[in-house]
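Me: I'm new to this one. Can you walk me through it?

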Amino acid sequence: MNELVRFITMQDGPNRTVAIGVGALGVACGMVGCFALLRRRALLGDAVAHASLPGICLAFMLIGERNLPLLLVGALVMGVVGASVIGLLHRATRVKDDALIAIVIGSFFGLGVVLLSVIQRGPSGNQAGIQGFIYGKAASMVRADAITISVVACVLVAMLFALFKELRLVTFDSDFARGLGRPVRALDGLILAIICVCTVIGLPAVGLLMVVALLIVPAATARCWTESLGTMVVLAGIIGGVTAIVGAGLSAVLPAAAGAGGSTWPTGPMIVLSAGSVFVVSALIAPRRGVIAGLVRHHRAKRQILARVRAERVGAGAGAGPGGAA
Amino acid sequence: MSELVSLTELKNIVAGVCVAVPIGVLGSFLVLRRMSLLGDAISHALLPGIIGAFVLTGTRDPIAMLCGALVIGLVTVGLSSCVKRYARVPEDASLGVVFSVLFALGVVMLSLVPRGLDFDPDCVLFGQLEFLAMDSVQVMGVSMPRAMLSIVPVGVLSLAFVIALYPRLKLVTFDPALAGALGVPVALYSGIMLTLTSATVVTGFQSVGSVLVVALLAAPGATAQLLTDRLSRMLVLSGCFAASSAVIGCVLAIQLNVSNAGMIAVVAGSQFAIAIVFAPRQGLVSRTLARVRLAARIAREDLLATLYRAWELRQGRRSDLPDVSIAGLPSARGSLAAWQLRRASLIENDPASTLALRLTDAGLTEARELVRRHRLWETYLSSNLGLPPDHLHEPSHRLEHFAVPDVVPARDEAGRATDPHGREIPAPRA
């Protein structure tokens with residue numbers, strides 16, 4: 001417990017790096033995720049993440065070493081390709097976007113697996129540098145990585161705040177936005193680009209299989225508590241940042257796993273699980289949109305209706321009531 | 001054949017086909033019901049189910065794994081509909097929340113599995129078709145991969161379910177409301193379908209991997225959907241595409257010495273890409289061609305109608321228009337239309353000036369028909385929809401390229417049919 005507090009309050013050097021990195025990532029992803037969630041683009045992040053694997057592999061094959069920024073550029077390029085394939089084909093053909101997302105996830109990831117098997121038997125012979133992108137390896141984050149992630153995250157957050165009004169308009173009523181003469185296509189593309197960038201900077205820390213959780217879980221959690229977009233974005237950022245740091249802290253300080261293997265608790269999944277547990281609690285107890293509140297409301301409405309029906313029946317029985325006007 | 005693949009590899013290919021076909025066929029229903037992402041969610045969420053079953057029983061017993069998969073499949077569906085309903089999160093996001101958290105749980109469990117037990121995480125994710133034949137059993141004197149013992153029964157069961165209940169499944173897929181009204185237990189059928197999908201996915205995870213299964217669930221069905229409008233044909237085609245991606249993928253992988261499962265997914269995706277470009281009716285090429293053809297026809301018709309109106313204005317004298325720009329067409333499209341009409345000898349160049357155009361006799365007949373349609377549409381829009389006179393031309397100008405409404409035009413005292421602007425409606429072609 002003490003160690004966890006030390007991690008979260010960033011008292012140790014190497015841990016501080018990891019905590020700052022994942023914290024910045026969590027904040028940016030949480031905020032961006034709100035727009036993805038409300039624009040019904042939640043799983044696009046998943047497609048981008050899976051599609052980035054061949055990009056990472058190609059970049060690795062080209063440069064032959066694990067150079068984080070260049071690998072991420074590769075990831076970004078393929079991620080954008082995947083996202084554009086979905087967007088363009090959705091508009092130009094009758095294939096539904098869910099099928100397109102699934103096909104892009106499967107076949108791009110398949111291409112990545114093929115390239116991985118090429119890398120494995122190639123001259124450099126190790127894919128250890130790339131394995132980290134699949135499951136995530138926040139603990140291996142060095143100072144430069146943390147700085148890169150934080151800078152990109154700050155830029156993204158600044159963009160969100162600068163364009164908040166326009167993005168809100170496009171998110172809730174894109175037709176109205178078009179009527180006002182706002183560049184809806186460009187803003188839509190911008191949201192897409194921000195989602196891509198966010199996904200890609202999350203890859204090294206939580207891995208491409210789970211990075212989508214950083215985008216949507218904090219946003220879905222924040223959605224439980226508020227009806228205002230501004231509050232939701234801030235709340236999702238806070239939830240994303242805190243759960244990321246706590247998750248990374250847990251994975252760092254939990255005793256080496258109970259299993260005989262002595263393996264450690266993986267960081268990415270721990271972040272996702274801590275965000276997931278906050279979501280479960282929120283979904284249960286949130287005052288207006290929570291499960292418990294919903295059940296109470298349902299029960300109360302049922303009782304009211306029953307009472308009214310009973311009263312009417314009594315009235316009709318006396319022959320005086322209007323009857324049937326429920 | 002023996003040069004292309006060895007006997008072991010042939011067995012792997014057969015196993016791959018047996019895995020792929022049921023997944024492809026069941027995936028077609030997911031594609032049609034817009035539930036492909038549910039397949040994605042289930043295949044990610046299977047991880048904790050498989051590992052849970054593995055840890056509890058300590059073996060790779062297929063029955064235990066099937067049970068684990070079944071439980072987790074139902075948990076995924078139940079939880080995500082719960083999240084959607086109570087937390088009122090959009091459907092795709094609720095699926096994403098559920099499966100990513102379950103997947104994270106699975107990865108954590110994976111890292112806790114003692115190393116002593118033989119369980120390879122990469123095998124779960126990426127599939128290792130290559131090693132399937134290493135673990136063989138004798139069945140009726142034939143040596144086959146042990147995995148076939150679970151792959152074949154689940155596959156046969158799924159296909160039998162689809163074939164036996166085909167009419168009902170069709171109804172449930174395309175019109176669940178009607179099916180419910182007719183007394184078909186829709187939820188039961190959907191449940192069985194999802195259960196079978198989870199079962200095929202879990203039997204397939206060893207060979208194609210839990211992530212790559214997503215490609216097989218969506219791509220063959222979507223490819224087949226591009227090629228046909230009939231469910232029966234779509235199901236057969238999706239089975240064929242799944243089988244062909246397994247065969248082609250394995251052979252390519254063996255030749256190039258790369259991952260089998262990855263190659264299967266790539267081939268499935270490539271088949272879809274080819275179909276989306278070249279499919280006879282739904283493909284990008286044919287759709288673009290159809291659009292270009294339509295634009296060319298409209299340009300031709302606009303030009304003819306313009307020439308007719310000019311002819312009418314000059315009371316039957318031809319040799320009217322300086323060039324195509326007067327028809328209000330962009331110059332390239334106009335020139336193309338003029339060229340095509342000239343080739344069809346509907347218009348000709350005025351002998352007096354090489355630039356000017358005029359209608360031939362055949363062109364006059366064509367053009368009269370077009371203007372007739374335009375004026376009939378104007379009459380229709382005026383009398384049936386009550387549009388004011390100054391709003392009639394534009395819509396009719398668009399509609400004249402399509403069928404004529406069945407209207408009896410207003411006749412003036414002289415017995416001549418006129419449109420709302422008082423212009424004569426040409427008589428129909430004899």
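Reply: Here is a short tour, chain by chain.
Reply: This is a predicted model, in which local features need pLDDT of at least 70, side-chain atom pairs count only at pLDDT 80 or more, and totals for chains, interfaces and linings use all residues. Residues are numbered from 1 along each chain as its sequence is written, while chains are lettered from A and ligands numbered from 1 in the order in which they are written.

Me: OK. How many helices and strands are in chain A?
Reply: Chain A has 14 helices and zero strands. Helices (H or I, at least four residues) and strands (E, at least two) are DSSP runs, numbered from the N terminus.

Me: And how much of chain A is buried?
Reply: 50% of its 326 residues. Buried means 20 or more other C-beta atoms within 10 Å of the residue's own, exposed means 12 or fewer, and partly exposed is in between; the C-beta atoms are placed from the backbone.

Me: What share of the contacts in chain A joins residues 24 or more positions apart?
Reply: Counting contacts with a separation of 6 or more, 72%. Two residues are in contact if their C-beta atoms, placed from the backbone, lie within 7 Å.

Me: Show me one helix. What about H7 of chain A?
Reply: H7(A) covers residues 143-162, so to speak 20 residues by the DSSP definition. From first C-alpha to last, H7(A) reaches 28 Å, close to the 28 Å expected at 1.5 Å a residue. The expected span is 1.5 Å times one less than the number of residues.

Me: Which residues of H7(A) are buried?
Reply: A:Asp145, A:Ala146, A:Ile149, A:Ala153, A:Leu156 and A:Leu160. They cover an arc of only 100° around the axis, so they sit on the same side of H7(A). The arc is that of the directions from the helix axis to the C-beta atoms.

Me: What is on the face turned away from the buried side of H7(A)?
Reply: Exposed residues: A:Ala144, A:Val151, A:Ala158, A:Phe161 and A:Ala162.

Me: Now packing. At what angle do H10 and H11 of chain A pack?
Reply: About 115°, with the axes 7 Å apart. H10(A) is residues 184-206 and H11(A) is residues 211-225. Axes are lines fitted to C-alpha atoms, for helices over the stretch in contact, and angles run from 0 to 180 degrees between N-to-C directions.

Me: Which residues make that contact?
Reply: H10(A) gives A:Cys198, A:Thr199, A:Gly202, A:Leu203 and A:Val206. H11(A) gives A:Val211, A:Leu214 and A:Leu215. By class, six are nonpolar, two polar and no residue is charged. Ala, Val, Leu, Ile, Met, Phe, Trp, Tyr, Cys and Pro count as nonpolar, Asp, Glu, Lys and Arg as charged, and the others, Gly among them, as polar.

Me: On to chain B. What is its secondary structure?
Reply: Chain B has 16 helices and four strands. Of its 430 residues, 47% count as buried.

Me: How many residues of chain B are in contact with chain A?
Reply: 53 residues of chain B, against 56 residues of chain A. H4(B) supplies the largest share of the chain B side, 13 residues. That side has 37 nonpolar, eleven polar and five charged residues.

Me: Which domains does chain B have?
Reply: Domain 1 (7-279), domain 2 (283-359) and domain 3 (366-430). The bounds come from an automatic or database domain assignment.

Me: Where is B:Pro280, and is it buried or exposed?
Reply: B:Pro280 is in the loop between H12 and H13 of chain B. B:Pro280 counts as exposed, with 11 C-beta neighbours inside 10 Å.

Me: Last topic: phi. What is phi of B:Arg34?
Reply: Near 55°, a positive value in a residue other than glycine. Most residues other than glycine have a negative phi. B:Arg34 is in the loop between H1 and H2 of chain B and is partly exposed, with 13 C-beta neighbours inside 10 Å.

Me: And what about B:Asn257?
Reply: Its phi is positive too, near 60°. B:Asn257 is in the loop between H11 and H12 of chain B. With 9 C-beta neighbours inside 10 Å, B:Asn257 counts as exposed.
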